[in-house]
Amino acid sequence: MDPLRILKALSNPHRLNIILWLKRPEQEFGVQIHADSLIDFPHSVSVKSIQKRCGVSQSSISTFMSILENAELVESRKINQYTYFRRNEPVIREFGSWYNKKISIQNDDAEKLLQTVNLEDTSYPIAEESALSSECPAMELRTKGTRDEDENR
């Protein structure tokens with residue numbers, strides 16, 4: 001598993017969506033054409049189905065799937081003239097464990113972090129219409145108020 005290659009592969013919204021959709025292929029793509037031939041390659045989806053769901057060209061899908069396969073996030077199988085893909089769950093689990101260990105804030109780290117934050121800090125700037133920068137005259141900053149206040153604006 002190459003975490004950097006995986007992070008790069010998932011940095012594209014289409015590729016990330018494909019991985020998320022492949023988590024529940026029957027729900028996201030429906031029954032596949034060769035479902036009876038996929039007994040030894042379950043939970044897989046044809047390139048054509050992925051292309052249709054993504055709404056991009058065949059060449060773009062081929063590129064996306066090649067990047068995901070090079071990152072070992074998916075595995076493929078050719079059946080007749082169709083190529084099917086499915087998630088590579090062992091690699092995805094391994095990446096998740098790596099991410100949780102190396103990147104995410106663990107509970108003990110979160111407690112240490114919270115100890116350094118003053119939750120009663122009121123030094124944050126309050127944006128008012130008169131305080132808006134002349135560089136962004138059209139920007140309006142609003143905070144949530146009561147419905148009556150919002151309706152009276």
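This report walks through the helices, the sheet and the aromatic pairs of a predicted model.

Some ground rules come before the details. In this predicted model, local features need pLDDT of at least 70 and side-chain atom pairs count only at pLDDT 80 or more, while totals for chains, interfaces and linings use all residues. Residues are numbered from 1 along each chain as its sequence is written, and side-chain values use heavy atoms, with hydrogens and water left out.

**The sheet**

Helices (H or I, at least four residues) and strands (E, at least two) are DSSP runs, numbered from the N terminus. Three strands make an open sheet in the order E1-E3-E2, with antiparallel pairing. E1 and strand E2 (74-79) are the edge strands, each pairing on one side only. For two strands to count as paired, DSSP has to find at least two bridges between them. As a general point, strands of a sheet pair through backbone hydrogen bonds, either parallel or antiparallel.

E1 and E3 run antiparallel and are joined by two bridges; Ser-46 has Tyr-84 in E3 as its bridge partner.

**Helix H4 and its surroundings**

Now for helix H4 (residues 47-54), whose buried residues (under 20% relative accessible area; exposed is over 50%, partly exposed in between, with a 1.4 Å probe and protein chains only) are Val-47, Ser-49, Ile-50, Gln-51 and Cys-54. They pack against helix H2 (13-21), helix H3 (25-29), strand E1 (45-46), helix H5 (58-70) and strand E3 (82-87). Just after H4, Gly-55 has a positive phi of about 75 degrees.

Setting aside neighbours within four places in sequence, Gln-51 is in contact (heavy atoms within 4.5 Å) with Val-56, Ser-57, Gln-58 and Ile-61. Gln-51 and Ile-61 are ten residues apart in sequence, yet their C-alpha atoms are 5.9 Å apart.

**Aromatic pairs**

A search of the whole structure turns up three aromatic pairs. Rings of Phe, Tyr and Trp (its six-membered ring) pair if their centres lie within 6.5 Å; planes under 30 degrees apart count as stacked, over 60 as edge-to-face and the rest as tilted. Two of the pairs are set out here.

| Pair | Centre to centre | Angle between planes | Type |
|---|---|---|---|
| Trp-21 and Phe-29 | 6.2 Å | 85 degrees | edge-to-face |
| Phe-95 and Tyr-99 | 6.3 Å | 40 degrees | tilted |

Trp-21 and Phe-29 are both buried. The charged end of Arg-53 sits over the ring of Trp-21, 4.3 Å from its centre (the cut-offs: NZ of Lys or CZ of Arg within 6 Å of the ring centre and within 35 degrees of the ring normal).

Phe-95 and Tyr-99 lie four residues apart in helix H6 (residues 89-102), about one turn of the helix. Phe-95 counts as buried because its relative accessibility is 11%, whereas Tyr-99, at 35%, counts as partly exposed. Ring pairs link Phe-95, Trp-98 and Tyr-99 into a cluster.

**H1 against H6**

Helix H1 (residues 3-10) and H6 pack at an angle of about 105 degrees, with their axes 11 Å apart. Axes are lines fitted to C-alpha atoms, for helices over the stretch in contact, and angles run from 0 to 180 degrees between N-to-C directions. H1 and H6 are therefore roughly perpendicular to each other (65 to 115 degrees; under 35 is roughly parallel, over 145 roughly antiparallel and the rest oblique). Where they meet, Pro-3, Ile-6, Leu-7 and Leu-10 in H1 touch Val-91, Phe-95 and Trp-98 in H6.
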